[in-house]
Amino acid sequence: MLVDSHCHLGDPRFAPDLPEVVGRAWAADLAHVIVIGETPESAARALTLAAEEPRLSATAGLHPHEAKRWTPEMETWLAGTLRDPRIVAVGETGLDYHYDHSPRPAQREAFDRQMGMAAEANRPAVIHAREADADVAAVLRSHPRTRAVLHCFSSGPELLEAALALDHYVSFSGMITFRSWRQDDAVRAVPLDRLLVETDAPYLTPEPHRKHRNEPSYVRLVAERVAAVRDLPVAEVVAATGVNAARLFGERLAPVSQSQESRGDP
């Protein structure tokens, strides 16, 4: 029932002990992990992992940091990769005006085109948004056919309202356990049927493990914090976010929702 909806398992920091990391995820009762492919290279690693383990799925896209690499050849690569059934989403894509590793016009072009390709491929889009709320909201509104999730949400209320008005999903990471976190209102504002949890591992390790590398097994700590903020049982948050992930990412995650139905849960 527990799903890590955003994890970079292909990151080199997992290479020394990846089997143990994955084993700890299943020991922590995770049902599925979405492995993010934010470049062609990381997408290839994510696909390899998803081929070896059915409880792993992959995404493919181009991160805003890499948007300067967007070319017709990159678009052709992505269109072909999206035909693979192991690919459950486009991205992560989006806009990042904090680091500006790619020029903003290039970011907007790559983001806009990937949103369109997501609709064409009947895949959701995984969106990275940092200090670009107005422009991200504008792109969301210009692609009403594209389902999306705002991953690792820490943006402002305007972007949250725009996303929810379009029935998109919102995912929270280990950031919500940090002492510096000041956005519990956002955690409460997301309807339970549009809520996801993630690790964004190996980044953003939740308390009490902040000094260590993050990993999928820690996603339960995120669910526990969401439950505390919303005054809900942890089991209810785990169940809801698992079903939401299956609804968003499709039939590869279907056993998550089927397991809930077989138990007679609401």
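In which sense do strands β1 and β2 pair, and over how many bridges?

1. Strand β1 (residues 2-7) pairs with strand β2 in the parallel sense, over four bridges; here two strands count as paired if DSSP finds at least two bridges between them. D4 has V33 in β2 as its bridge partner. Strands (E, at least two residues) and helices (H or I, at least four) are DSSP runs, numbered from the N terminus. Strand β2 (residues 30-35) is mostly covered, with five of its six residues buried, where buried means under 20% relative accessible area, exposed over 50%, and partly exposed in between (1.4 Å probe, protein chains only).

2. A note on the basis of these remarks. This is a predicted model, in which local features need pLDDT of at least 70 and side-chain atom pairs count only at pLDDT 80 or more, whereas totals for chains, interfaces and linings use all residues. Residues are numbered from 1 along each chain as its sequence is written, and side-chain values use heavy atoms, with hydrogens and water left out.

3. On the cysteines, the structure holds zero disulfides, a disulfide being a pair of cysteine sulfur atoms within 2.5 Å. The closest cysteine sulfur to that of C7 belongs to C152 and is 12 Å away, so the two are too far apart for a bond. C7 is buried, at 0% relative accessibility, and C152 is also buried, with a relative accessible area of 12%.

4. Which residues lie nearest the centre of the largest pocket? They are H63, D96, H128, R130 and D200, out of a lining of 22 residues, and the volume of this pocket is about 580 Å³. The elements that give two or more residues to the lining are β4 (87-96) and β5, and the largest share, three residues, comes from β5. By residue type, the lining divides into six nonpolar, eight polar and eight charged; Ala, Val, Leu, Ile, Met, Phe, Trp, Tyr, Cys and Pro count as nonpolar, Asp, Glu, Lys and Arg as charged, and the others, Gly among them, as polar. On a 1 Å grid over the protein atoms alone, a pocket is an open set of points with protein on both sides within 12 Å along at least five of seven lines, a cavity is a set of points where a 1.4 Å probe fits but cannot get out, and lining residues have an atom within 4 Å of a point. Grid points are joined across faces, edges and corners, and a volume is the space filled by probe spheres set on the points.

5. A search of the whole structure finds one cavity of 30 Å³ or more, and about 40 Å³ of space lies in the largest cavity. Its lining includes H128 and C152, together with others such as I127, F153 and L159. Strand β5 (residues 125-130) gives the largest share of this lining, three residues, and the lining residues divide into six nonpolar, four polar and no charged.

6. The structure holds 16 salt bridges, each being a side-chain nitrogen of Lys or Arg within 4 Å of a carboxyl oxygen of Asp or Glu. R13 and D11 meet in one of them at 3.0 Å, N to O; R13 is partly exposed at 44% relative accessibility, whereas D11 is buried at 13%. In the salt bridge between R55 and E53 the closest N and O atoms are 3.0 Å apart, with R55 partly exposed at 33% and E53 buried at 15%. D17 and R24 form a salt bridge in which the closest N and O atoms are 3.8 Å apart, and D17, R24, R213 and E215 are linked in a network of salt bridges.

7. Some backbone geometry deserves a check by eye. Most residues other than glycine have a negative phi, and most peptide bonds are trans. The peptide bond from G91 to E92 is cis, with omega near 25°, and E92 lies in strand β4. A cis peptide bond also joins A201 and P202, with omega about 15°; P202 sits in the loop between β8 (195-197) and α8. D29, in the loop between α1 (18-27) and β2, has a positive phi near 70° and is exposed at 53% relative accessibility. D231, in the loop between α8 and α9 (234-249), has a positive phi of about 55° and is exposed, with a relative accessible area of 70%.
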